[in-house]
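Hi everyone, thanks for making time for this one. I'd like to walk you through a structure on the screen, and please keep it in view while I talk.

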Amino acid sequence: MEIRELIVDIVLTLVMVVSTVVLVMRFWQDLVIAVAATFMMLSLGGLLISLGLKIVNLEQSIVQRERTMRVNMEELGRTMTARYDNTISHIEEIVSDLSRRMYR
């Protein structure tokens, strides 16, 4: 995931932090509480961004596994077709051999 895809999340996190600082400084006018609230909002924003990244990675992993399974299923289908054709040709040989024996 590139930074361009995260810009919206980062901007929203910054808006959340700034609004929290302004709100706390306006109501309580205490620097310690404002700093604590700022760190809390930064950690919440980081948590949300981290969660978004994990979801994107999970989606990519699922897509990759689907591709792998599709390729494996196609290979399995080709293998089964080859075995089926081999078995059919072997049965045809046996039937033709038995037919020749019966007509002798």
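Let me start with a pair of side chains: Arg 78 and Glu 75 both sit in helix H2, three residues apart, which is about one turn of the helix. They form a salt bridge, and their closest N and O atoms are 2.8 Å apart. By salt bridge I mean a side-chain nitrogen of Lys or Arg within 4 Å of a carboxyl oxygen of Asp or Glu. Glu 75 counts as partly exposed because its relative accessibility is 41%. On that scale, buried is under 20% relative accessible area, exposed is over 50%, and partly exposed is in between, with a 1.4 Å probe and protein chains only.

Before going on, a word on what we are looking at. This is a predicted model, where local features need pLDDT of at least 70, side-chain atom pairs count only at pLDDT 80 or more, and totals for chains, interfaces and linings use all residues. Residues are numbered from 1 along each chain as its sequence is written, and side-chain values use heavy atoms, with hydrogens and water left out.

How many salt bridges does the structure hold? There are two. The other pair is Arg 101 with Asp 97, with the closest N and O atoms 3.5 Å apart. Both residues lie in helix H2, four residues apart, again about one turn of the helix. Arg 101 counts as exposed, at 56% relative accessibility, while Asp 97 is partly exposed at 29%.

Now let's step back to the whole chain. It has two helices and zero strands. Those labels are DSSP runs numbered from the N terminus: H or I with at least four residues for helices, E with at least two for strands. The radius of gyration is 33 Å, well over the 13 Å that the globule rule gives for 104 residues, so the chain is more spread out than a compact globule. For the record, that radius is taken over C-alpha atoms, and the rule is 2.2 Å times the number of residues to the power 0.38. Along its principal axes, the C-alpha trace spans about 110 × 20 × 15 Å.

Glu 93 is in helix H2, and its C-alpha is separated by 66 Å from that of Ile 49, 44 residues away along the chain. Likewise, Met 102 and Val 63 are 39 residues apart in sequence and 58 Å apart in space, C-alpha to C-alpha. Met 102 also lies in helix H2, and counts as exposed because its relative accessibility is 70%.

What about the surface? Buried residues make up 11% of the 104 in the chain. The chain exposes about 9,100 Å², with carbon and sulfur atoms supplying 66% of it. These areas come from the Shrake-Rupley method with a 1.4 Å probe, and for residues only the protein chains shown count as cover.

Which residues make the nonpolar surface patch? They are Met 25, Leu 31, Val 35, Phe 39 and Leu 42, and the patch is about 470 Å². A patch takes residues with over 30% relative accessible area and no salt bridge, joining like charges within 9 Å and nonpolar side chains (Val, Leu, Ile, Met, Phe, Trp, Tyr) within 5 Å. Helix H2, residues 31-103, gives the largest share, four residues.

Is Thr 20 buried or exposed? Thr 20 is buried, because its relative accessible area is 14%. It is placed in helix H1, residues 3-27, and touches Ala 37 and Met 41, leaving aside residues up to four places away in sequence. Contact here means heavy atoms within 4.5 Å. A polar atom of the Thr 20 side chain also lies 2.7 Å from the backbone oxygen of Met 16.

Over in helix H2 we find Thr 38, which counts as buried at 17% relative accessibility.

Key: Polar contact = N/O pair within 3.5 Å; in protein donor to acceptor, adjacent residues only side chain to side chain.
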